[in-house]
Amino acid sequence: MSRTTVLRRTRTVAVASLIAAAAFSLTACGGGESDSDAKGGSPSATANGTSGGSGGGSGSTGGSGEDIDAKAGSASGGSSSASRCTSDHLEAAWSNFEGGPDMEYDGQQTARVVLKNTGSTDCTMVGFPGVQLQTEHGQTWDLRRTDDKPKPVRADAGGRVTFDITFLASTRDDDKKFAPDQVVITPPNEETNLSLDWPYGGALLDQSGATHPGTFVSPVSTPE
């Protein structure tokens, strides 16, 4: 065998070895990057899966809290099996709280509404009722809500919960007046209304367009 032939074979083997080594090196690096990406991607996916909103609150104009309402049974210390109070099993009435309002008084005062559970089982509710005042001439006033944080309340079968309508009566001739005839109530997280006649006569100081009116509604609460 000539010296030239030996050199060619030596070079061929060397080149083949280099190519094999390079291929092995690329395969190892590729595997490492893939493993790294999988480990790096997993926490990101987990974070995205759990980063959604965790609950809602009750604002001055919005409904409240279906997320809160779902927890009402355990939050109130009662059985979590108690269902949500629905309009079909609620009856509205006026309370004689403090003898009822005096429509000649020019200060802020309260009319209290009682919601009775007419169902055969306990129920729970939380949030603000919707309250719309209506005149006999068709004028309406949707009452704003307080900044109070609603708390879950439980109504036993035949039991009651309450909420307050705080208002300013109109006592001057030159006041802008709103004379309620009907009060339409929508229990928290319900769509069906309950209606009551306004029994106190007189008129309210019409602040229906005010940002911070002296007439507003509180969340439902346990009777005192």
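Biologist: Where does Leu-205 lie?

Modeller: Leu-205 lies in strand E13. Helices (H or I, at least four residues) and strands (E, at least two) are DSSP runs, numbered from the N terminus. This is a predicted model: local features need pLDDT of at least 70, side-chain atom pairs count only at pLDDT 80 or more, and totals for chains, interfaces and linings use all residues. Residues are numbered from 1 along each chain as its sequence is written, and side-chain values use heavy atoms, with hydrogens and water left out.

Biologist: Why is Leu-205 called partly exposed?

Modeller: Buried means under 20% relative accessible area, exposed over 50%, and partly exposed in between (1.4 Å probe, protein chains only). Leu-205 has 23%, so it is partly exposed.

Biologist: Which residues is Leu-205 in contact with, leaving aside its neighbours within four places in sequence?

Modeller: Contact means heavy atoms within 4.5 Å. By that rule Leu-205 is in contact with Trp-141, Leu-168, Ala-169, Ser-170, Asp-175 and Lys-176.

Biologist: How do you know that Cys-85 and Cys-123 form a disulfide?

Modeller: A disulfide is called when a pair of cysteine sulfur atoms is within 2.5 Å. Here the S to S distance is 2.0 Å, and a disulfide joins Cys-85 to Cys-123. The pair links distant parts of the chain, 38 residues apart: Cys-85 is in the loop between strand E1 (83-84) and strand E2 (90-94), and Cys-123 is in strand E4 (residues 123-125).

Biologist: What makes this disulfide right-handed?

Modeller: The torsion about the S-S bond of Cys-85 and Cys-123 is about 90 degrees, so the disulfide is right-handed.

Biologist: Are Cys-85 and Cys-123 buried or exposed?

Modeller: Cys-85 has a relative accessible area of 2%, so it is buried. Cys-123 is at 5%, and therefore also counts as buried.

Biologist: Which strands of the open sheet of 3 strands are the edge strands?

Modeller: The sheet has the order E1-E4-E8, with mixed pairing. E1 and strand E8 (153-155) are the edge strands, because each pairs on one side only. Two strands pair if DSSP finds at least two bridges between them. E4 and E8 run antiparallel and are joined by 3 bridges.

Biologist: Why is the pair of Trp-94 and Trp-198 called edge-to-face?

Modeller: Rings of Phe, Tyr and Trp (its six-membered ring) pair if their centres lie within 6.5 Å; planes under 30 degrees apart count as stacked, over 60 as edge-to-face and the rest as tilted. The whole structure has 5 aromatic pairs. In the pair of Trp-94 and Trp-198 the centres are 5.7 Å apart and the planes are at 90 degrees, so it is edge-to-face. Trp-94 lies in strand E2 and Trp-198 in the loop between strand E12 (194-197) and strand E13 (204-205), so the pair ties together parts that are 104 residues apart in sequence.

Biologist: What makes the pair of Trp-94 and Tyr-200 edge-to-face?

Modeller: Their ring centres are 5.4 Å apart and their planes are at 70 degrees, so this pair is edge-to-face. Ring pairs link Trp-94, Phe-167, Trp-198 and Tyr-200 into a cluster.

Biologist: Over which residues does pLDDT stay under 50?

Modeller: pLDDT is the predictor's confidence in each residue, from 0 to 100. It stays under 50 over residues 2-80. Where pLDDT is low, the predicted coordinates should not be read in detail. For the protein chain, the mean pLDDT is 75, and 64% of the residues reach 70 or more.
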